[in-house]
Amino acid sequence: GNHDFGYGWQRLCELSEMADFPVLSANVFGHDGRELLHPLTIKELSGIRIGIFGLTTPETLYKTHPLNVEGLTIDDPVERAKEMVEILNDKCDLIIALVHLPLMDTEDSCARLAEEVEGIDLIVSGHSHVTLEKGMEVNGTYIVQAGEYGGNLGIVNIVLKNRASAEIKASLYSSAWTEAGLQADEDVQLLINEMEKENEKILSQVIGRTDSFLDGERNRVRTGETNLGNLVAQAMLTVTGADGAIMNGGGIRTSIKAGEITRGDILNVLPFNNFVILKEIKGAEIVQALEHGVSLYPEVSGRYPQVAGITFSFAPEEEPGNRLIEVKIGGQELEPEKMYKIALNDFIAAGGDGYTMLKNSRVLREYGALDNIVVEYIQNNGIRYETTSGSISQNSP
């Protein structure tokens, strides 16, 4: 998946060689045109041959830092799946696609895969963070997904009759089951405990307090302005002295409850080791960036912008690319030909999340880690974000 490239494709390849299990992806190719990882594997269990192939979302090219996937190409998952099924069909009794693809409603979705590729019995999917308690069936292919962040273990029971799948049932095994006597592996738990003890020395440090819930919920920070989005963007603006700041909502991963704020809370919100970059950007390109940021609304999208120093309004009913009504920077109407100093995280500064219009702008200065910048901002300024600041408004007829 896209986050497996978080330390660069070279490191992913190193880790795949170290692992004692196959790391699969059939549609990612290196700069030399060869498959980056193993495309498939065949497992034999009690005389049943099971073919498993992997697929990676093409969104990876802009949903990880562009430098992490430099030189790579990611082929159409559907076309590669057809090739994998053709290879496995005569060799296996059961074919499973292990995929990191959107679930529905996109060109590269699991639903399209099931609709257009005959011969896949089961699609085990990730990426959309959807909890399918009993799975779903599309065109005779069963699709399962267990939610997010290890909250559930997905279980699929398959009955074969005459070497063909006759019945598939899916269920979820949640963490609540541990209360019924499920025991952790002692060696793994010991290792986790040792690491957590060391980490806790830093992560438990209290850096501030909030009387309000700071909202970083996925469905809200990716569809509208939130007080936590305001906080992160304002911290970027303050440390750089910029005219404005833009933070992609997808970079904010969770919320902070009312009460004491620890350094660990900030790392949970901002886990990607991003740093802050100050760029000089023409007004017209800022408009392009904001248009891009709201182009998928009302869809939940990581590109949705959280801003500071910038206010804008848009009309959701208009065509993407023509939605902005008004943009102001520092309280003044944006001038298309004027150059502005804009603070960004390094991900979108390099064109991540599709912000390619920002990629070639001149870098004025690079700053430290975003999580540290937010920590220092809270320590110096406290929390003033009980509600949103009104930076973004949606004007509908």
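I began with strand β5 (residues 94-100), which runs parallel to strand β6 (residues 122-126) and is joined to it by five bridges. Strands here are DSSP runs (E, at least two residues; helices are H or I, at least four), numbered from the N terminus. In β6, I found Val 124 as the bridge partner of Leu 98.

I noted that the model is predicted, that local features need pLDDT of at least 70 and side-chain atom pairs pLDDT 80 or more, and that totals for chains, interfaces and linings use all residues. Residues are numbered from 1 along each chain as its sequence is written, and side-chain values use heavy atoms, without hydrogens and water.

I then followed the sheet: six strands form an open, mixed sheet in the order β2-β3-β5-β6-β8-β7, where pairing requires at least two DSSP bridges between two strands. β2 (40-45) and β7 (136-138) are the edges; each has a single partner strand, so one side of each lacks a neighbour in the sheet.

I looked for disulfides (cysteine sulfur atoms within 2.5 Å) and recorded zero. Cys 13 counts as buried because its relative accessibility is 18%, and Cys 110 is buried at 0%; buried means under 20% relative accessible area, exposed over 50%, partly exposed in between (1.4 Å probe, protein chains only).

Lastly, I examined the lining of the second largest pocket by class and recorded seven nonpolar, three polar and four charged residues. Nonpolar covers Ala, Val, Leu, Ile, Met, Phe, Trp, Tyr, Cys and Pro; charged covers Asp, Glu, Lys and Arg; the others, Gly among them, are polar. A pocket is an open set of points on a 1 Å grid over the protein atoms alone, where a 1.4 Å probe fits, with protein on both sides within 12 Å along at least five of seven lines; lining residues have an atom within 4 Å of a point.
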